[in-house]
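Dear colleague,

Please find the structure below, together with its sequence. My notes on what was found in it follow directly after.

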Amino acid sequence: MMTKAPFEAVVADHGATVLRVCRAVLGSHTDAEDAWSETFLSALKAYPELPAEANVRGWLVTIAHRKAIDVTRARARHAIPTADLPERAGSDLEPPDAAVWRAVRSLPPRQREVITYRYLGGLDYATIAELTGGTAAAARRATIGPWCDFPF
């Protein structure tokens, strides 16, 4: 019989992966850290019921992705008041991988989800297929593009 690791070990083992997924959806700012915290709060509540043989990484990546989407939806509902509009950032201020992320953001949601699970969550194609309701072959095809050689 398999035994589950203590929840503290789960956080230590998968915390960085969860943060990468949150940042992929939300960008690198405090909303991603909030989604990370919300992910582990939800996971802590559900962890006692999780079967010992479950794919913990896949489970956490799914929770993180959903929490990040919740934050994105909440952002859209609330205006952010500002006294002055910020200057528009020039293209020379973009990070070197900005073009890759623009390309990924322009993809259909299902393909973007598969790419997030594969490259940021580190999940195998079979696990991605389980999470998305597709096949491993379809998940593999969804990751083919200009970003597939990018070192996430």
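Four helices, namely helix H1 (7–26), helix H3 (56–77), helix H4 (98–105) and H5, each supply at least two residues of the lining of the largest pocket. Please bear in mind that this is a predicted model.

The largest pocket

The volume of the largest pocket is about 780 Å³. Its lining comprises 27 residues, and those nearest the centre of the pocket are Arg 23, Ala 24, Val 25, Leu 26 and Arg 105. Which helix gives the most to this lining? That helix is H1, with seven residues. Sorted by class, the lining of the largest pocket holds twelve nonpolar, ten charged and five polar residues.

Helix H2 against helix H3

Helix H2 (residues 30–46) packs against H3 at an angle of about 130 degrees, and their axes are 8 Å apart. The crossing of H2 past H3 is right-handed. On the H2 side, the contact is made by Asp 31, Ala 35, Glu 38, Thr 39, Phe 40, Ser 42, Ala 43 and Ala 46. These residues meet Trp 59, Leu 60, Ile 63, Ala 64, Lys 67, Ala 68, Val 71 and Arg 75 in H3. By class, the contact of H2 with H3 has ten nonpolar, four charged and two polar residues.

Helix H3 against helix H5

H3 also packs with H5: their axes come within 11 Å and cross at roughly 135 degrees. H3 is therefore oblique to H5, and H3 passes H5 in a right-handed crossing. Here Val 61, Thr 62 and His 65 in H3 meet Glu 113, Thr 116 and Tyr 117 in H5. The residues of this contact divide into three polar, two nonpolar and one charged.

Helix H5 against helix H6

Helix H5 (residues 109–120) packs with helix H6 (residues 125–132) as well, at an angle of about 140 degrees and with axes 10 Å apart. H5 and H6 are therefore oblique to each other, and their crossing is right-handed. From H5, the residues in contact are Arg 110, Glu 113, Val 114, Tyr 117 and Arg 118; they meet Tyr 125, Ile 128, Leu 131 and Thr 132 in H6. This contact of H5 with H6 has five nonpolar, three charged and one polar residue by class.

Yours sincerely

Conventions: Residues are numbered from 1 along each chain as its sequence is written. This is a predicted model: local features need pLDDT of at least 70, side-chain atom pairs count only at pLDDT 80 or more; totals for chains, interfaces and linings use all residues. Side-chain values use heavy atoms; hydrogens and water are left out. Axes are lines fitted to C-alpha atoms, for helices over the stretch in contact, and angles run from 0 to 180 degrees between N-to-C directions. Angles under 35 degrees count as roughly parallel, over 145 as roughly antiparallel, 65 to 115 as roughly perpendicular and the rest as oblique. A crossing is left-handed if the near helix is turned anticlockwise from the far one by less than a right angle, and right-handed if clockwise. Contact means heavy atoms within 4.5 Å. Ala, Val, Leu, Ile, Met, Phe, Trp, Tyr, Cys and Pro count as nonpolar, Asp, Glu, Lys and Arg as charged, and the others, Gly among them, as polar. On a 1 Å grid over the protein atoms alone, a cavity is a set of points where a 1.4 Å probe fits but cannot get out, and a pocket is an open set with protein on both sides within 12 Å along at least five of seven lines; lining residues have an atom within 4 Å of a point. Grid points are joined across faces, edges and corners, and a volume is the space filled by probe spheres set on the points.
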